[in-house]
Amino acid sequence: MKIRSLKLREAHKPAGNDRPSFCSVLWDQQAHHLVTASSSDPAVSIHDALLPSSPPRILRHHRDGVTALAISPNSTCLASGSIDHSVKLYKFPGGDFQTNVTRFTLPIRALAFNKSGSMLAAAGDDEGIKLINTIDGSIARVLKGHKGSVTGLAFDPNGEYLASMDSMGTVIYWELHSGATLHTLKGIAPNCGSDFSVINVLSWSPDGETLAVPGLNNDVVLYDRDTAEKLFSLRGDHLESVCYLSWSPNGKYMATSGLDRQVLIWDVDKKQDLDRQKFDERICCMSWKPIGNAFAVIDTAGKYGVWESVIPSSMKSPTEGIPNARSNNSNGLLLFDEEDEEDEEPSAAGSISDLGEDSFGESGPPRRKRLRKQSTYDEQWEEDDNDKLSSPPKPKSRKEHHDKKKASDNVHEGLGSIMLSSRSKMQEAFQPGSTPAQPGKRRFLCYNMMGSITTIEQEGYSHIEIDFHDTGKGPRVPSMTDHFGFTMASINENGSVFANPCKGEKNLSTLMYRPFCSWASNSEWSMRFEGEEVKAVALGTGWVAAITSLNLLRIFTEGGLQKHVVSLDGPVVTASGFKDELAVVTHSSDCLPSGDQAVEYTVFNISKSTKAMQGRLPLTPGSQLTWFGFSEEGLLSSYDSKGLLRIFTSQYGGSWVPLFSASKVKRSDESYWVVGLNMTNLFCVICSPDLFPQVAPKPVLSLVNFSIPLASSDIGAETLENEFILNCTHLSQIHHKIEAAAQAGMNVTSLEDDAFNLEAAQDKCILRFIASCCYSDKLARATELVKLLSLEKSVRGAIKLVTALKLPNLAERFNSILEERLLAEKGPKDASALNVKDSAPTSITAAAMSEKRTDAIVTSTTPKLSAPLFIKKVKSPEGTKVGGSGKIDQDVNTSIPNDGATKFKDEKIALETNVGGEIKKPGNVHDLQSGRPSSGIPKSTDNFEKIKNAGQAHRQPSQRPSNPFLKSAVK
């Protein structure tokens, strides 16, 4: 056989004293980039495969050598492990650092993504394997069973198993669904000892039917997927042990490198080596090119190269037969706000289904690999004199069921298989304000506007602490020793609730409530659920809620009485409580064909045992829900992974309004971890570069102004438009509260005051907006805006503004609008008394201005308006001082009959405008609240009787004069 030579180029500097280093090399899915790393270099290099001479992109985030690399199947995420004990994630191919996904106490040796990219396995000298959920960065499971350093990890392509290997040559099959050990094969591979420039590796065939492991006889041994039985071995011209192996993309060929510095290419079906190449140093890592007939190698000196034309042209290409389902438009990890193209679904047997992970969607006969394996298996027993064991019968039930299902599914391949592979994973349940578990670190079980609950795992127990942000409001709560392993919690002013998933021999889930203060001793209580797991908890006034894996909502009183059990429509996503209301988010169906989550919300009133609201919860396409709760005013709110905050308002019969878009305000390396909100601000922790805060140092709470995702304005008035829409939204909520309070017979005076103040602030905003429109020559828009002013004095101020800007036509239109409003208010009989068009805003005489107000009830003959009527009580008969100018601001909306004519005060508004369209209002100009009518409540019963006898008083349920300038658009 001809021995070929390959020229290598340096990617990383070799270690000192000519010591060999373990180096890694990987292709991305499109074969556009090569990624290399070395245990003697803390940098990761991303090489342009199309331009090999161009300098690589260097990622310098580790403090010590990089010992492991992994790329997600869709090539959107790169993971690296290091001697510095950390595992880091980057965006690929850009190389932007994302997060430290986990840390170990000893160096990392192996990393592996599952086929969907939703899970990352990491292991090293710690002897434990961490399964990391890439969606939220949480540790899904820790697998322990190896006695030496774990050097090899491989996910079964069908999504059922994880295979691991340690430096002592032991291989373990793990079942992913349960975390149980299925098979342990001890001492089947060489013992690497402490030389980590050579590590034991293993690899599944692309169809997931066989597992390849370096053997003890300078060979590669293949084991059965389900039974872990030895099938056959590849034994050729390696003079020393095999130290690395790699399957071709279609599984027909395999490349092996040995300690003898040779690389052999095998035809796996024929068990024959096709080609070989000798190198100057040991080849410690290899990677087949996903597209084309080539593969990359890297040696222990940090030099890499690409072996072209590996397979002779007369033979089947190593990439022939790769299906289209393995496309490059898969969007991968939700950790980076992308969509999962493929995922693992629980099967009826309780394991991860292989339907969505079926050999990259191969369309070949489903039993071909099994038949081929059986024939070669028999041949190998005849040829190998060293193997004297008899072949035990193969288990059939599981495997035959698997093959029959594949055969039946083969009929529906094509569109059906594409639909299965594109199905994304339904979002797991989460607790608002919680952070993922981090080994050895304290994390948040709950963090809200009231306080926080933190926990840290110790040996056999956890230590829980409860802190209040305002120590004056909450009691001092002693720390708690947790022997249940609580993973979720909630806190309010009355107490805290805790829950854990199923654990222990009896598979029990525990719910526990601890009141902060109680007149009775032993007020703490707990509940156990057998075969039912608590998924989310919430607290309110006098009640505790738990939502379980059986889609049951369980309501308890604070004393522990089981009050209600309600069935929900789907699996829970999260829940939150506020006073009497409980809001629950559930899945309404599987993910949509686009991969988006389909979730709905339901709001229960616990005290009344009613369902207040229910509907679809909107999410940004490609996002997941990351926070859900109530504002300080009790408005239902949500925040998704794309950074969009929504609140539920009464507008349009009940709708979700986006109030904040993080993409418009945050930097690229920042993320907003939401804590709560009120009517004006979002309370959050700004995290960089992590996605969530650490307990220590204590997170800094930031107040962020709302920023509605508006289109770019043609007059550059996005700030004014943002303020205008926010005011409209808030005013709508206040009107809704007034109507509800009035129907309940409650006092609405304070709400009316709030509404009037907000209307005055809105008028100020509209006046600035009108000025901006005038400067931009958008006169039609200015006319629309003046119709939205609430107060008469605001309309007159707008007329003075456009008059000062020398826009007589616009001033005439504004005068017409004012006249029409006054006519609609006063009626045709009083129309002759109004002379609005003839001059600037009408002023009353000086004598009238100095005239004292009478102590009489102000009557109103106007028809009843649909909008609520707002007045402001005048505290002194002399009037109210405005803006510190010392001038007396008389009432503008109080109508007092005087010889059949209605008089209006002359509001001296001096508006100074700047180039940007802002209106500067000195002195008493801008305080529109002083224009609110006086109460008109009589000071003596004698005056009241006189007016009543004169027939001048009319029935007024609210005893408030009507305001003709309330915005009719907001009710």
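Author: Strands are DSSP runs of E, at least two residues long, while helices are runs of H or I, at least four residues long, and both are numbered from the N terminus. Thr510 is found in strand S36, residues 508-515.

Reader: What kind of model is this, and which residues count for local features?

Author: This is a predicted model, in which local features need pLDDT of at least 70 and side-chain atom pairs count only at pLDDT 80 or more, while totals for chains, interfaces and linings use all residues. Residues are numbered from 1 along each chain as its sequence is written, and side-chain values use heavy atoms, with hydrogens and water left out.

Reader: Is Thr510 buried or exposed?

Author: Buried means under 20% relative accessible area, exposed means over 50%, and partly exposed lies in between (1.4 Å probe, protein chains only). Thr510 has 2% relative accessibility and counts as buried.

Reader: Which side chain joins Thr510 in a polar contact?

Author: A polar contact is a pair of N or O atoms within 3.5 Å; within protein, one must be able to donate a hydrogen and the other to accept it, and residues adjacent in sequence count only if both atoms are side-chain atoms. Here the side chains of Thr510 and Arg528 are joined by one of 3.2 Å. Contact is defined by heavy atoms within 4.5 Å. Leaving aside neighbours within four places in sequence, Thr510 is in contact with residues including Phe484, Phe486, Phe498 and Met527.

Reader: How many salt bridges does a search of the whole structure find?

Author: Side chains of opposite charge can pair when their charged atoms come close. The criterion is a side-chain nitrogen of Lys or Arg within 4 Å of a carboxyl oxygen of Asp or Glu. The search finds 18. One of them joins Arg514 and Glu524, at 3.2 Å from N to O. Arg514 lies in strand S36 and Glu524 in the loop between S36 and strand S37 (525-530), so the pair ties together parts that are 10 residues apart in sequence. Arg514 is buried at 16%, whereas Glu524 is partly exposed at 40%.

Reader: Where do Arg276 and Asp237 lie in the chain?

Author: Their side chains meet in a salt bridge of 2.0 Å, N to O. The pair links distant parts of the chain, 39 residues apart: Arg276 is in strand S26 (residues 272-278), and Asp237 is in the loop between strand S22 (230-234) and strand S23 (242-247). Arg276 is buried at 12% relative accessibility. Asp237 is partly exposed at 32%.

Reader: Which residues are linked in a network of salt bridges?

Author: Asp156, Glu160, Arg225 and Asp226. Within it, Asp226 and Arg225 have their closest N and O atoms 3.6 Å apart. Both of these residues are buried.

Reader: In what order do the strands S50, S51 and S52 form a sheet?

Author: Two strands pair if DSSP finds at least two bridges between them. The 3 strands form an open, antiparallel sheet in the order S50-S51-S52. S50 (671-677) and S52 (702-705) stand at the edges with a single partner strand each, so one side of each is left without a neighbour in the sheet. S50 and S51 (residues 681-687) are joined by 6 bridges. In S51, Phe683 is the bridge partner of Gly676.

Reader: Which residues does a cis peptide bond join?

Author: Pro93 lies in the loop between strand S9 (86-91) and strand S10 (97-103). Another joins Ala696 and Pro697, with omega about 0°. Pro697 is in the loop between S51 and S52.
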